[in-house]
Amino acid sequence: MNITQISSIIVGLILIAFILWWFFGKHTEKVEESTIANNEQTATVVVNGGYSPATVVLKKGVPAQLNFKMEDSTACLSHVVFEQLGINEDLTKQKITKIDIPTDKAGTINYACGMDMFHGKVIVK
């Protein structure tokens with residue numbers, strides 16, 4: 001075998017390892033609980049190549065607001081959609097977009113970007 005064949009095999013193995021890690025590896029996701037002040041709770045989700053934190057935990061029965069802080073101009077992330085709530089907000093109009101989240105019942109509320117490629121969730125408990 002010559003050097004070109006050896007280097008091709010090495011690059012191929014590295015790519016296979018990366019693909020296996022990407023699809024089957026254990027990836028941790030940041031979870032954040034809201035901050036409660038004056039009988040209201042708020043949490044900030046940074047929009048930059050995805051949502052961080054991707055999971056926000058809210059307390060049931062306390063009025064809640066999610067603040068989406070836009071730091072990415074990607075077209076896909078320009079909108080956030082809460083299908084269960086009928087919300088489709090344009091995040092490019094201002095630096096921080098505030099969205100009221102109902103907390104009257106416990107459960108999970110999913111959200112995604114406008115193209116449904118990036119996802120997050122709100123857990124009310």
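Reader: Where does UniProt list a "transmembrane region"?

Author: The unreviewed UniProt entry lists residues 6-24. UniProt positions are given in the numbering used here, feature names are shortened, and annotations may be inferred rather than shown by experiment. The structure is a predicted model, in which local features need pLDDT of at least 70 and side-chain atom pairs count only at pLDDT 80 or more, while totals for chains, interfaces and linings use all residues. Residues are numbered from 1 along each chain as its sequence is written, and side-chain values use heavy atoms, with hydrogens and water left out.

Reader: How do you know whether the length of helix H1 agrees with its number of residues?

Author: The expected span of a helix is 1.5 Å times one less than its number of residues. H1 covers residues 3-24, 22 residues in total, so it should span 32 Å. The end C-alpha atoms of H1 are 31 Å apart, which agrees.

Reader: What reaches the backbone nitrogen of Thr4 at the start of H1?

Author: A side-chain oxygen of Asn2 comes to within 3.1 Å of that nitrogen. A polar contact is a pair of N or O atoms within 3.5 Å; within protein, one must be able to donate a hydrogen and the other to accept it, and residues adjacent in sequence count only if both atoms are side-chain atoms.

Reader: Is Ile14 buried or exposed?

Author: Buried means under 20% relative accessible area, exposed over 50%, and partly exposed in between (1.4 Å probe, protein chains only). Ile14 lies in helix H1 and has 55% relative accessibility, so it counts as exposed.

Reader: Why does Leu58 count as buried?

Author: Leu58, in strand E5, is buried because its relative accessibility is 2%. Contact means heavy atoms within 4.5 Å. Not counting residues up to four places away in sequence, Leu58 touches Ser34, Gln41, Ala64, Ile101, Thr103, Val122, Ile123, Val124 and Lys125. The C-alpha atoms of Leu58 and Thr103, 45 residues apart along the chain, are 7.5 Å from each other.

Reader: What is the order of the strands in the open sheet?

Author: The six strands follow the order E1-E5-E11-E10-E7-E8, with mixed pairing. Strands E1 (31-33) and E8 (87-90) are at the edges: each has a single partner strand, so one side of each has no neighbour in the sheet. From one strand to the next, the twist averages 20 degrees; axes are lines fitted to C-alpha atoms, for helices over the stretch in contact, and angles run from 0 to 180 degrees between N-to-C directions.

Reader: How many bridges join E5 to E11?

Author: Two strands pair if DSSP finds at least two bridges between them. E5 (residues 55-58) and E11 (residues 119-124) are joined by four, and they run parallel. Val56 stands opposite Val122, and Thr55 stands opposite Lys121. E10 (residues 107-113) pairs with E11 over six bridges in the antiparallel sense, with Tyr111 opposite Gly120.

Reader: Which residues make up the covered face of E11?

Author: Gly120, Val122 and Val124 form the covered face, while His119, Lys121 and Ile123 form the uncovered one. In a regular strand the side chains alternate between the two faces of the sheet.

Reader: What makes Asn67 buried?

Author: Asn67 is in strand E6 (residues 64-70), and it is buried because its relative accessible area is 12%. Its contacts beyond four places in sequence include Thr97. Thr97, in strand E9 (residues 96-101), is also buried, since its relative accessibility is 2%.

Reader: Are Asn38 and Asn39 buried or exposed?

Author: Asn38, at 77% relative accessibility, counts as exposed. Asn39, at 57%, counts as exposed too. Most residues other than glycine have a negative phi, and most peptide bonds are trans. Asn38 has a positive phi of about 55 degrees, and phi of Asn39 is near 55 degrees.

Reader: Which residues does a cis peptide bond join?

Author: The bond joins Ser52 and Pro53, with omega about 0 degrees. Pro53 lies in the loop between E4 (51-52) and E5.

Notes: Helix = DSSP H or I, 4+ residues; strand = E, 2+ residues; numbered from the N terminus.
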